[in-house]
Amino acid sequence: MTVIGLKSNEKKATREAFGDEIAELGKNKNILVVDADIGGSCKTTKFMNAFPKQHVNVGIAEQNAAGLAAGLATTGKIPFVSTYAVFGSLRMAEQIRQEVCYPNLNVKIACSHGGLTPANDGGSHQAIEDMGVLRTFPNMKVIMGADYHSTRKLVKQAAEIYGPVFLRFTRDTIPVIYDENEEFEIGKAKQLKDGKDIALIANGDTVHLAMQAAEILEGKGISVKLLDMHTIKPIDREAVLECIEIGKIVTVEDHNIINGLGSAVSEIVAEQGDGIVRRVGVQDQFGESAPYEKLLEINGITVENIVNKAEEIL
């Protein structure tokens, strides 16, 4: 069992983690970055400056970027397509399905501005359905790290494994949870707390909220099992089954409650025919232009609501 706490008040956006890690990975000449003219925002400028011959900017043409990456992958290269999550999942969806997933090519879709974190950019830029759409594609892996250090480790692993991977990053800064020496495995949940009364399963930028909720619940004498489910697909089925043994589960995500983490967990629970699930996440509605914290509050993605959902089913 691993018990992790917030690292003081340090906050970093996970898009920064991608930018730092991909710049390290560029020492491998097979690693390429395909940009869609937003390298500054997606943090690939450092890579471009260090490895100009391994960088391609296709302009505002994400569908072209996906096709180009697929072609590069057939030559043994490992391309990372970098754009915003709303474009990397929806605008590129057909190309990802037909040209990347169907032939099972070694392409990584690395996207910033996941979930509600684009905030003031408005609903058009807030990707609330991206992980859900792409987890339905055969061969695709879907991943979102909970903080800077976990994201770096997961980006590195994505480069080392074969096949399509969707990596989702935050625009806004979020608390640092892990230290830089913590290890992660794609498809294997990270257990933060062990408990017997209720299970909290969180993903991405909501993990720190679930951690705070767990502390409040434990202060009330409630024993909490807490998981960072950084990989939505393949989801850690064994970890979910252990939560089903507890029988009461609350999922937390910065994504539509339809077809995201909550749905993935509920599918396993339904197949087992046992257990209760409550989903905290985007309430099947588009966002608006507002501060990130306000958007979370509007959708009930708060520490208080996580606690309330847990207490409802206890």
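This is a predicted model: local features need pLDDT of at least 70, side-chain atom pairs count only at pLDDT 80 or more; totals for chains, interfaces and linings use all residues.

Colleague: Let's start with N104: in which loop is its place?

Modeller: Phi of N104 is near 55 degrees, a positive value in a residue that is not glycine. Most residues other than glycine have a negative phi. As for its place, N104 sits in the loop between α6 and β5 (108–112).

Colleague: What about A119: buried or exposed?

Modeller: A119 also has a positive phi, near 45 degrees, and is a residue other than glycine. Its place is in the loop between β5 and α7 (130–135). With 5% relative accessibility, A119 counts as buried.

Colleague: Which residues is G122 in contact with, leaving aside its neighbours within four places in sequence?

Modeller: G122 is found in the loop between β5 and α7. At a relative accessible area of 9%, G122 is buried. Once those sequence neighbours are set aside, its contacts are E288 and S289.

Colleague: Now a helix, please. Which residues of α4 are buried?

Modeller: Helix α4 covers residues 62–73, which makes 12 residues, and reaches 16 Å from its first C-alpha to its last, close to the 16 Å expected. The buried residues of α4 are E62, A65, A66, A69, A70, L72 and A73.

Colleague: Within what arc do those buried residues of α4 fall, seen down the axis?

Modeller: An α-helix has 3.6 residues a turn, so residues three or four places apart point the same way. The buried residues of α4 line one face of the helix. Seen down the axis of α4, they fall within an arc of 160 degrees.

Colleague: What covers the buried residues of α4?

Modeller: Here we look for parts of the chain in contact, meaning heavy atoms within 4.5 Å. What covers the buried residues of α4 includes β2 (31–35), β4 (78–84), α5 (85–91) and α6 (93–101).

Colleague: And L68: which residues does it contact, leaving aside neighbours within four places in sequence?

Modeller: L68 lies in helix α4. Its relative accessibility is 31%, so L68 counts as partly exposed. Beyond its neighbours in sequence within four places, L68 is in contact with V34, V56 and V58.

Colleague: Which residues are in contact with D228, apart from neighbours within four places in sequence?

Modeller: D228 lies in strand β11 (residues 224–228). At 0% relative accessibility, D228 counts as buried. Leaving aside those sequence neighbours, its contacts are A146, Y178, A189, K190, L192, A202 and V207.

Colleague: Which element gives the most to the lining of the largest pocket?

Modeller: About 200 Å³ of space lies in that pocket, and 13 residues line it, with K188, A189, K190, Q191 and D236 nearest its centre. The lining divides into 4 nonpolar, 2 polar and 7 charged residues. β9 (190–193) and α10 (237–246) each supply at least two of the lining residues. With 3 residues, the element that gives the most is α10.

Colleague: One last thing: is the peptide bond from K233 to P234 cis or trans?

Modeller: P234 lies in the loop between β12 (231–233) and α10. Most peptide bonds are trans. From K233 to P234, though, omega is near 0 degrees, and the bond is cis.

Key. Residues are numbered from 1 along each chain as its sequence is written. Side-chain values use heavy atoms; hydrogens and water are left out. On a 1 Å grid over the protein atoms alone, a cavity is a set of points where a 1.4 Å probe fits but cannot get out, and a pocket is an open set with protein on both sides within 12 Å along at least five of seven lines; lining residues have an atom within 4 Å of a point. Grid points are joined across faces, edges and corners, and a volume is the space filled by probe spheres set on the points. Helices (H or I, at least four residues) and strands (E, at least two) are DSSP runs, numbered from the N terminus. Ala, Val, Leu, Ile, Met, Phe, Trp, Tyr, Cys and Pro count as nonpolar, Asp, Glu, Lys and Arg as charged, and the others, Gly among them, as polar. The expected span of a helix is 1.5 Å times one less than its number of residues. Buried means under 20% relative accessible area, exposed over 50%, partly exposed in between (1.4 Å probe, protein chains only). The arc is that of the directions from the helix axis to the C-beta atoms.
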